[in-house]
2 protein chains.
Amino acid sequence: MDLDFIKKLAKPSSTKMMLLVLDGVGGLPGNNGDRTELETAHTPNLDILAEQGKCGLHKPVDVGITPGSGPAHLSLFGYDPVKYQVGRGVLSALGIDFDLTLKDVAARGNFCTVDDKGKVTDRRAGRISTEKNKELCDILRKIELPNTKLFIETVKEHRFLLVLRNENLSGEISDTDPQVVDKEPLEPEAKSAKAEKTAELVFEFIRQAREKLSDQNPANMVLLRGFSKRPDWPSMKEIFKLNAAAIATYPMYRGVAKLVGMEALKTGKTVEEEFETLEKKWKDYDYFYLHIKSTDSAGEDGDFQRKVRVIEEADKQIPRILDLVPDVLIVTGDHSTPSFIGSHSWHPVPVIVWSKFCLSDKVNSFGERACMTGGLGPQFPGVDLMPLVMANALRLEKFGA
Amino acid sequence: MDLDFIKKLAKPSSTKMMLLVLDGVGGLPGNNGDRTELETAHTPNLDILAEQGKCGLHKPVDVGITPGSGPAHLSLFGYDPVKYQVGRGVLSALGIDFDLTLKDVAARGNFCTVDDKGKVTDRRAGRISTEKNKELCDILRKIELPNTKLFIETVKEHRFLLVLRNENLSGEISDTDPQVVDKEPLEPEAKSAKAEKTAELVFEFIRQAREKLSDQNPANMVLLRGFSKRPDWPSMKEIFKLNAAAIATYPMYRGVAKLVGMEALKTGKTVEEEFETLEKKWKDYDYFYLHIKSTDSAGEDGDFQRKVRVIEEADKQIPRILDLVPDVLIVTGDHSTPSFIGSHSWHPVPVIVWSKFCLSDKVNSFGERACMTGGLGPQFPGVDLMPLVMANALRLEKFGA
């Protein structure tokens, strides 16, 4: 749905909305048996919500499309992820809690190995340790660029973040990573006239980086890709007229939430601490997004039983949400991560929409197959969830007379 | 679906189609029990249609969007209500059976009260009686505008309709209603160059109205909003190649039908009389739209039991339709009006598509939850109904070879 359309209808209210995201909750049966992780888990609280609520499965991007975490979350927040795209450099910055300004250009960096002819022999420099990465970042920080502030941040192993800050920079710069070995790193090229100044700065950065790393081994060069600027999108406050808060232990999810203008609340490292934050801040915001990461991690690790257990632990937190008396509660995942596959997948994601006005369907348990017969349908657009939340919170004006 | 696309495929035929609209039929369980109004009602005839037909729920505009009657009906007639929008002035005219020409500009008028500094103290002049309104309209009719025909029509209480008729008028005029008290009425402003002449005429109308109403109390001024012209849309005849007739007791619904080129048949004030009209005119048209208002009125009044009763009364009329042997019969609402909410709502609307070729699903009763499992899906676009009707009437050519 077009955000300009919904913006005209959205109105403020005192109702409270809550989006609980069990990251990668959708799954597949494992090698033993016919039930998915969610269908296997004992989830008495989620089952009651499913019985009282309206269920279905949402497609985060489109049929057959496996989304990354960024697009998957944008969809849940009501932003069409095909229209609202985030560059990889920006995603890297979000992933380490780096606060990008609208002036910044960010890029993903790899430390790599080049031979004496300058050709790449290892794009990841043998996956150097994070400790070594930090030493190398200290070296790169000595690079000086004219009138431009430079940030170099360690991500993990061979990966780092590069941020340039100056007026009139552009993210329209081609990657320098050739993606294969036995080739020289590519020149950074301006994809448009307004990016020429930025391309020169990146060129100069690379020149100095090559010089300063030349005596290092194996990480004696850098590769850069995903140049991008923080997008300047309309905020959830502007569109939906609400004060939204994000509770997430991982910086990546706080970062995506901040891109749409949510306030990222300070919280701890555990699910328990996330729920404490929710309870403490409940009165201060209209809309809460709470993110549970461990479902996805278990799926990525291919650990069916662990994914079952973390779903069961999440289930135990549901009464704490209900005690806060939300007007609308949504439980879903941002995408599926079947442990049988061991990575994100394209499968539509089970969802419960629970409110006084939802009109419950006949679904009485929270699982992939149960949700297929629900009132929201077996694969409806995830981006439609937000208008539905707003409607159930009585926060949308009538369209036309 | 794009009307230009369907227009290329539509062909004339001798088949007959009937759309029965139970206004606002979709509902919610009330405070007592788990059944909606439609699920509570004893509807043996509708249940047989559901059993023989294909069922589902349609979304009139989009997920979460509560439609007004105008957009909701346009969707049923196959016109995307976001693309085909009608101004509020035009809707007011439709609502009192005023036949707008393509030259006219219409606006909603309020009689209001202003103080001696000209500031609005009551936007509705204490909701004066309709009788008083008629007296004031007589006064306003004495206003003279250069070369322009003026129509002033009482709507109800403080509301009236203003229509200007002249060549080259434009509806792109800003509202004069400040929407709040303690402010002067706004000046009517042209939103585009071609609206300047119209803005001058409106300005002059307001000047004379202020003068002529100055000795009135409390209704001593007017506020105008929703300036608009009757849209010049392709008719159902042009698009679908059929002769369509509307049977409705309320002017508003006849008006919307006329906007898409239907003939609004003369009928009485009761459902009984509407069906008599249907029977009498059956041989003269290809497509009939018959509108039953009382389901919506009961929902708006929050009267669950009355809504149940009017659904049961409508059910009794179904055999009369079947006796006419339609090729395609659609039973649905334009939108939901749950008595639990007491107003239009965003909930998808139950629908039966009945024809010899529909391929019945397993739904065997007409209700919200039953229709969720139907062959049309739990929330398909309402605007898709018309192509489906046409297909079932064997009135669409094959697309491509």
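1. Domains of chain A. In this predicted model, chain A is assigned two domains. Domain 1 is made of two stretches of the chain, 3–86 and 232–392, while domain 2 covers 100–229. The centres of domain 1 of chain A and domain 2 of chain A, taken over C-alpha atoms, are 36 Å apart.

2. Contact between the chains. Chain A puts 21 residues into its contact with chain B, and chain B puts in 27 residues. On the side of chain A that touches chain B, helix H14 of chain A (residues 385–392) gives the most, with 4 residues. By type, this side of chain A holds 13 nonpolar, 4 polar and 4 charged residues.

3. A helix pair in chain B. Helix H6 of chain B spans residues 130–140, and helix H7 of chain B spans residues 196–213. The two pack with their axes 10 Å apart, at an angle of about 125°. Angles over 145 degrees would count as roughly antiparallel, and 65 to 115 as roughly perpendicular; H6(B) and H7(B) are therefore oblique to each other. The crossing of H6(B) past H7(B) is right-handed.

4. Residues between these helices. Which residues make the contact of H6(B) with H7(B)? From H6(B) come B:Leu136, B:Ile139 and B:Leu140; from H7(B) come B:Ala209, B:Lys212 and B:Leu213. The residues of this contact comprise 5 nonpolar, no polar and 1 charged.

How values were computed: Residues are numbered from 1 along each chain as its sequence is written. Chains are lettered from A and ligands numbered from 1 in the order in which they are written. This is a predicted model: local features need pLDDT of at least 70, side-chain atom pairs count only at pLDDT 80 or more; totals for chains, interfaces and linings use all residues. Domain bounds come from an automatic or database domain assignment. Axes are lines fitted to C-alpha atoms, for helices over the stretch in contact, and angles run from 0 to 180 degrees between N-to-C directions. Angles under 35 degrees count as roughly parallel, over 145 as roughly antiparallel, 65 to 115 as roughly perpendicular and the rest as oblique. A crossing is left-handed if the near helix is turned anticlockwise from the far one by less than a right angle, and right-handed if clockwise. Two residues are in contact if their C-beta atoms, placed from the backbone, lie within 7 Å. Ala, Val, Leu, Ile, Met, Phe, Trp, Tyr, Cys and Pro count as nonpolar, Asp, Glu, Lys and Arg as charged, and the others, Gly among them, as polar.
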